[in-house]
Amino acid sequence: MTDSKYFTTTKKGEIFELKAELNSDKKEKKKEAVKKVIASMTVGKDVSALFPDVVNCMQTDNLELKKLVYLYLMNYAKSQPDMAIMAVNTFVKDCEDPNPLIRALAVRTMGCIRVDKITEYLCEPLRKCLKDEDPYVRKTAAVCVAKLHDINAQLVEDQGFLDTLKDLISDSNPMVVANAVAALSEIAESHPNSNLLDLNPQTINKLLTALNECTEWGQIFILDCLANYTPRDDRESQSICERVTPRLSHANSAVVLSAVKVLMKFMEMLPKDLDYYGTLLKKLAPPLVTLLSAEPELQYVALRNINLIVQRRPEILKHEMKVFFVKYNDPIYVKLEKLDIMIRLASQANIAQVLAELKEYATEVDVDFVRKAVRAIGRCAIKVEQSAERCVSTLLDLIQTKVNYVVQEAIVVIKDIFRKYPNKYESVIATLCENLDSLDEPEARAAMIWIVGEYAERIDNADELLESFLEGFHDESTQVQLQLLTAIVKLFLKKPTETQELVQQVLSLATQDSDNPDLRDRGYIYWRLLSTDPVAAKEVVLAEKPLISEETDLIEPTLLEELICHIGTLASVYHKPPSAFVEGSRGVQHKRLPGSAGSGESVESPDTGSAAGVPDAPPAVIPSQGDLLGDLLNLDLTPPATSGPPPPATSGLQLGAMDLLGGGLDSLMGDESEPPPIPLRTDTPQSPQIPHHSPSPTDYSPTELGGDLGGGSAMGAGFGAPPAATAAPFSAPVSGGLDDLFDLGGGVGMPMGAYSPPKTVWLPAMKGKGLEISGTFARRGGVIQMEMTLTNKAMSVMTDFAIQFNRNSFGLAPAGPLQVLTPLSPNQSIEVSLPLSTVGPVMKMDPLNNLQVAVKNNIDVFYFSCQYPISMLFVEDGKMERQVFLATWKDIPNDNEAQFQIKDCHLSSDAASSKLQGSNIFTIAKRTVDGQDMLYQSVKLSNGIWVLAELRVQTGNPIFTVCLKCRAPEVSQCVFQSYEAVLKN
Amino acid sequence: MIGGLFIYNHKGEVLISRVYRDDIGRNAVDAFRVNVIHARQQVRSPVTNIARTSFFHVKRSNIWLAAVTKQNVNAAMVFEFLYKMCDVMTAYFGKISEENIKNNFVLIYELLDEILDFGYPQNSETGALKTFITQQGIKGQCQTKEEQSQITSQVTGQIGWRREGIKYRRNELFLDVLESVNLLMSPQGQVLSAHVSGRVVMKSYLSGMPECKFGMNDKIVIDKQGKGGASDDAGKSGKQSIAIDDCTFHQCVRLSKFDSERSISFIPPDGEYELMRYRTTKDIILPFRVIPLVREVGRTKLEVKVVIKSNFKPSLLAQKIEVRIPTPLNTSGVQVICMKGKAKYKASENAIVWKIKRMAGMKESQISAEIELLPTNDKKKWARPPISMNFEVPFAPSGLKVRYLKVFESKLNYSDHDVIKWVRYIGRSGIYETRC
């Protein structure tokens, strides 16, 4: 007898017929009918109308029929909650059945019925089943607690099931232990702060014992749970490692990977000079290699994980290059992953083999794979200097194949090779130029143009080549346009006589005929540079470029650490933290590797990003006290006032010039004689009391700026961010061109500056005996301005104005007297701007940004309070070094993290970034994951508090997510409000 | 954990759908069909994320198995589970096909209810499952209480893979050492990579709860013994021992004991199962060597000559030899001459397939072919896929030897000597390729 016939009933009136059959007296017929119902359910037909009839079949001693009815119940109970109650009795009865299989079946099914009324009835049977004499029932009941918790967490806590579950960890049966661990882990995940899974050496010992005895799946649950434990010291860590290593020989790959996860994590705590540490490293390699002989899907999971492991501990697999060679019949996803790992493992020792392989791959069929192989050859050249020559000749061979995408890919990587080894391989340029016409991808075109521009003096017909690109200038992508602009300017600087016309043409195309602000900005800067000072232009544009780094595509150290804690899981497959793809509270906790036990090993320790080799800058800017009040009161409040306003020129210049001029600005700034120090002029005429302060040349020390810029361009952040200079235009007395330039930049770009809310009425005339004060706050040129409109609505003249502030959270105080010089006649208004300093007395206010003001005139003293946007306090030097940012972000406890959402914000991430930059919220880095842009930003308040932020922007989604981290979490709310205000303005 | 499990036929119609978690809805069934099964492009990853839902899939013939989740699950576990699910189904009703799945859908639902609880995999050993889930409806009504508790203790117990009270008149066991030897060779005859992946498959028909101990010529064990024992033996045995890169074991093997003493001891499941898998890369005997010679004569002709040499004892015979020589896509005609066996050009497979039934060791054979090509203006070069080979030899290319398999059963009155033991070695080609 076969069951497939049940799938083939499609006639009308089927439900009717089924109803009749379900109510039949014959058992066989009933069973047939239920099978038909289940078959329909599988296909997706709605058979919920049969609910009462099916439930009627439940009370049977035929176990097969019972299981079918249960299956139906699980599917439809939610849609028919009232009728589902009918089933309760049978469940309760079944939970008492002498047959343990039936008891377990009942409790298992009941947990799957997500109807509140039923869950109430479930409690008693569940309590009994948790203490059942039969282990099969207990292990099922353990999982049932997790099910119940998912439906009604409070109920589980109230009923004390969690304690019973904890007791099951000491159960004599290993499978019960495993399921209890799984259930507890899951429940603990949704209660990040509860100490539910109270892991201590005793429980760990129990788990390790059960590990040896339970099923393969149970071993996975236990190992995954162990990975959350942090041993107290290196000795405990070692002893756990010793007991986990045998799992590496398990036939189940998931057991192996979970064991690897535990070992990778606990290894962090072992001193590196320990013999055992070396032994452990050696033990890890063979099982990882063995994973590659598993089925392709598992190979893929393994390779994604190996990619992480290799980044964290390259020493483990450094001798295993050969196993990552691609096989002709590997699925494409395995091939691509293997290639990635091959590049990571490439070294001088194995480069010859690797290159031979890569060359082989470049002739395969799959386009993506071939491209990646070609790119890999280029990366080898950059990584292993000795091989560069061979790589270049391999690439040239590949270009000769004339296969379009191979050629384009090769040209892109050759550009990088030129960057890495300048003046070494230029002989190949002629070959590259032959392929100019076949390039149709923007990246390849841009690379080729870059090469032509960079080596214009060696290419006889460089001008013709570039001119040929210029014809379709407006159809090119931005990448190509920018590159073309720069290349032609380079060409002009090298061969000024023949190319004047060309450069004119491109500058006008870029500035007058383009709507792309990045392009226009760059065009204008070049234009001004060329017209005012060609020598400086030469130094800027043709400056030596910083070397490019060897490793690419490295995962950020903090993310890598987190992913290592998630080995074997989806996160490690996606290379994304769980929060990026898991909804709700689950998995949002960020896991961290434990600190190293060996003290003096900063190079290896996770805290220093080993990737960039940047010296570890101590995050000293951040005070260690967590208490805001303490911070507010104790922090040094001096810097802004004593040294004058921080030069806004820094940020302005930095922005405009960053990517565009590359390291070139170094030389510009280094050469102080050419453009003289730019004096700062605040455009607030009513503030004579702020001394006009020309920053001395030391303020613009080339090292400082250079460092800043280098960092900026290396991380590629804030590409082409528009200058935030409108608030502080420069007047350069000697070369007035620059002034114009920045004016222009502002004019054509976007009017940017610190966001300032519209004026609101602070003191209504009613309360002020005729004096009405409305006002707002603004930050101009690094100075906080309180801008007020005083209106006299009384009948008499007002004179003798004065102002005073109460103590407030950030020490705001008037930096000078209120300048109302002429008496205020009736019905007259006057605009006053009062500069503020932040060195006044401090007292925590509620809300934090509340300011109590007293204004006096000849009539009376008036009091009012107003709230200033906290963004006024964001200082201009709030851009954190990237390394410092990473370290700080990590350093601030997760409890201090606050998350907010900004709705209805229709900005692109770049626009948002530049907008925020105007208010001194600086974007430090940007990452794009699955169409979601993550901007990492830093803000420094005038009292030295740093706020770090992660802004998530999804294209097309008007909801932004801001995640703020700060030592003083109290300010987060205010900072968020500023975010919202700035973005929505 | 796993939120749901779906089985589809090649058209994307659902055959089985079981949802374990509330966050997975019916729309997930359709999402997978639309985005993966009906996707125009080749599958680029076995894990797909569609609208924050992750789909893991494996394919068996033209049946799709998909596990769905919204959480950060253990990905390796999910795939292992899907493979296990396939094994279990195969053990119950044979080949996984649409026909068989439809015929057994009630059974499959029952299995899914048992081996996956709230998305957590539970005991999935067929041996244990078959004691209480059968195709002839469920046993249970007629079971005694003892039988019931025996089932539950086996399902949850430490030795979940074997039930008590097994009796055989004749205690017998069969060991198969099955190796697949993998090779990638350059046209110049340089070994680019070579490894053997081997399996020890055991068929045990033993009474009671026998304690077994398995020994092989593992270098580490032999060296250890050599140190302790007579020194004259060490040199001799050292030559015979092999270096095993890594091995994994069936869950019946006590891993901690292997880790500490490197001894393989276990209580075997009843019937056939895979005791261990291993991998070696050193001193592999490559049974065949392929020497290709491809010459392009003008634009429309290729001359191919391939020599194969067998490299093992002349007394042994290799079987089922097949050499596959790829031909370009624009091949119009092929003429083949071979010394031994039969060769044929298969246009549909774009290859010349040369078959030889048997070949003794230390022999050599040759094929030459003339391939005529249609002139094309296709710029793309022919990728020249490697020449691949299939064969079967009656020895283990890794050099592995079984030294002993001792059986102890203290409760029943049979001893190691009473057990009849059989050992067989088969070496097969895995991916055995020579680039040309």
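Let's start with a lysine, B:Lys84, which comes out at 18% relative accessibility, so we call it buried, the cut-off being under 20%. Keep in mind that this is a predicted model. B:Lys84 belongs to helix 2 of chain B, residues 75–93. And what does the side chain of B:Lys84 make a polar contact with? That would be the side chain of A:Glu216, at 3.2 Å. If you skip neighbours within four places in sequence, B:Lys84 touches A:Glu216 and A:Trp217 from chain A, plus B:Ser124 and B:Glu125 from chain B.

Okay, over to some helices in chain A. Helix 7, residues 100–112, has 13 residues and runs 19 Å from first C-alpha to last, close to the 18 Å you'd expect at 1.5 Å a residue. Helix 7 of chain A is mostly covered, too: 13 of its 13 residues are buried. Look at its start, where a side-chain oxygen of A:Asn99 gets to within 2.9 Å of the backbone nitrogen of A:Leu101.

Next, a helix pair. Helix 25 (442–454) and helix 27 (478–494) of chain A pack with their axes 8 Å apart, at an angle of about 10 degrees. That's under 35 degrees, so helix 25 and helix 27 of chain A count as roughly parallel. On the helix 25 side, the contact residues include A:Ile449 and A:Trp450, while helix 27 brings in, among them, A:Leu484 and A:Lys490. By class, the contact between helix 25 and helix 27 of chain A has 7 nonpolar, 3 polar and 5 charged residues.

Most residues other than glycine have a negative phi, and most peptide bonds are trans. Now for the exceptions I picked out.

A:Lys769 has a positive phi, near 50 degrees. You'll find A:Lys769 in the loop between strand 1 (760–763) and strand 2 (771–780) of chain A, and at 48% relative accessibility A:Lys769 is partly exposed.

Then there's B:Lys320, also not a glycine, with a positive phi of about 50 degrees. B:Lys320 sits in strand 16 of chain B, residues 317–326. Is B:Lys320 buried or exposed? Exposed, at 55% relative accessibility, since the cut-off is over 50%.

And where's the cis peptide bond? From A:Asp846 to A:Pro847, with omega near -10 degrees. A:Pro847 is in the loop between strand 6 (829–837) and strand 7 (850–856) of chain A.

That's my tour, happy to chat.

Terms used. Residues are numbered from 1 along each chain as its sequence is written. Chains are lettered from A and ligands numbered from 1 in the order in which they are written. This is a predicted model: local features need pLDDT of at least 70, side-chain atom pairs count only at pLDDT 80 or more; totals for chains, interfaces and linings use all residues. Side-chain values use heavy atoms; hydrogens and water are left out. Helices (H or I, at least four residues) and strands (E, at least two) are DSSP runs, numbered from the N terminus. Buried means under 20% relative accessible area, exposed over 50%, partly exposed in between (1.4 Å probe, protein chains only). The expected span of a helix is 1.5 Å times one less than its number of residues. A polar contact is a pair of N or O atoms within 3.5 Å; within protein, one must be able to donate a hydrogen and the other to accept it, and residues adjacent in sequence count only if both atoms are side-chain atoms. Axes are lines fitted to C-alpha atoms, for helices over the stretch in contact, and angles run from 0 to 180 degrees between N-to-C directions. Angles under 35 degrees count as roughly parallel, over 145 as roughly antiparallel, 65 to 115 as roughly perpendicular and the rest as oblique. Contact means heavy atoms within 4.5 Å. Ala, Val, Leu, Ile, Met, Phe, Trp, Tyr, Cys and Pro count as nonpolar, Asp, Glu, Lys and Arg as charged, and the others, Gly among them, as polar.
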